[in-house]
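Let's take a friendly walk through this model, strand by strand. Have the structure open and follow along.

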Amino acid sequence: MKTDKKQNQYRINEQIRVREVRIVGDSGSTVMPTKQALDMARQQGVDLVEISPNANPPVCRLIDYSKFLYQQKKRAKEMKAKQVKVEVKEIRFGPQTDEHDYQFKLKHAKEFLEEGNKVRAYVFFRGRSILFKEQGEVLLLRFANDLEEYGKVESMPSLEGKKMFLYLAPKKAGVAKKSQQARDREKQRVGDDELGMASESEAKESMRQVRTATMETEIDVETPANGGLFANAKISADALKKLQEQQEED
């Protein structure tokens, strides 16, 4: 039944009874009499499919109708897959929730927000516990503050009957606001990296100085009693090499 309704959504061939139509294709669009468009469809072995009946003149395509329906179905499926389904997840507290239970629910709320879902947190006041509504409000505000990296507050805590609600929406990926503690950790990490780079730079400089000292070593050459040309001379490595070659030739 659903397939029949889809098939009847478009007029094709002789069902198109207007005087002229606009034919669209890869090469552009052309306005022509409907009879001429039908003749073209028969010659090409395809159908004349009306895709925009409210246009003036109506817009049609020359295409196999079964192929056209398949393309439409595939396009609709792709669009549906791209749609993000946002769910609202509930987190329930009591006015005197203990720390362990609070951390457990905080962890789940982080997961919900990271998955792109909204969170509706509320404190349920049973009987005379409504007297602790201020305590419940403080609890919800703390909850919102602990989730500032993951979600933004859509509405502040508000009392509705015996429940006080807080609504949180997920932040976009990559733009979550960092807490002060996270920023301090990152700053410390950057400082450690810079210190490590400075230490590495100092080590390289020390090695360079050692190599330079090796290349330009002060060499004391034994001289005759009356002193000589090379007494206490500083000879570079290249000069020393040349001197050795000359001595070997002699």
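This is a predicted model: local features need pLDDT of at least 70, side-chain atom pairs count only at pLDDT 80 or more; totals for chains, interfaces and linings use all residues.

**Strands, helices and one buried glutamate**

Now turn to another set of strands. Four of them form an open sheet in the order β2-β1-β4-β3, with mixed pairing. At the edges are β2 (28–33) and β3, each pairing on one side only. Neighbouring strands of this sheet are turned by 40° against each other on average, direction ignored.

Inside the sheet, β1 (residues 20–25) and β4 (residues 59–63) pair in the parallel sense over two bridges, and Arg22 stands opposite Val59 in β4. Helix α3 (residues 65–82) packs on the sheet and touches β3 and β4, its direction making about 115° with that of β4. Helix α2 (residues 34–44) lies across β1, β2, β3 and β4, and runs at about 115° to β2.

Finally, look at Glu50 in strand β3 (residues 47–52). Is Glu50 buried or exposed? With a relative accessible area of 3%, Glu50 is buried. Its side chain is joined to that of Arg11 by a polar contact of 3.0 Å. Beyond its neighbours within four places in sequence, Glu50 is in contact with residues including Tyr10, Ile16 and Val59.

Definitions and conventions
Residues are numbered from 1 along each chain as its sequence is written. Side-chain values use heavy atoms; hydrogens and water are left out. Helices (H or I, at least four residues) and strands (E, at least two) are DSSP runs, numbered from the N terminus. Buried means under 20% relative accessible area, exposed over 50%, partly exposed in between (1.4 Å probe, protein chains only). A polar contact is a pair of N or O atoms within 3.5 Å; within protein, one must be able to donate a hydrogen and the other to accept it, and residues adjacent in sequence count only if both atoms are side-chain atoms. Contact means heavy atoms within 4.5 Å. Two strands pair if DSSP finds at least two bridges between them. Axes are lines fitted to C-alpha atoms, for helices over the stretch in contact, and angles run from 0 to 180 degrees between N-to-C directions.
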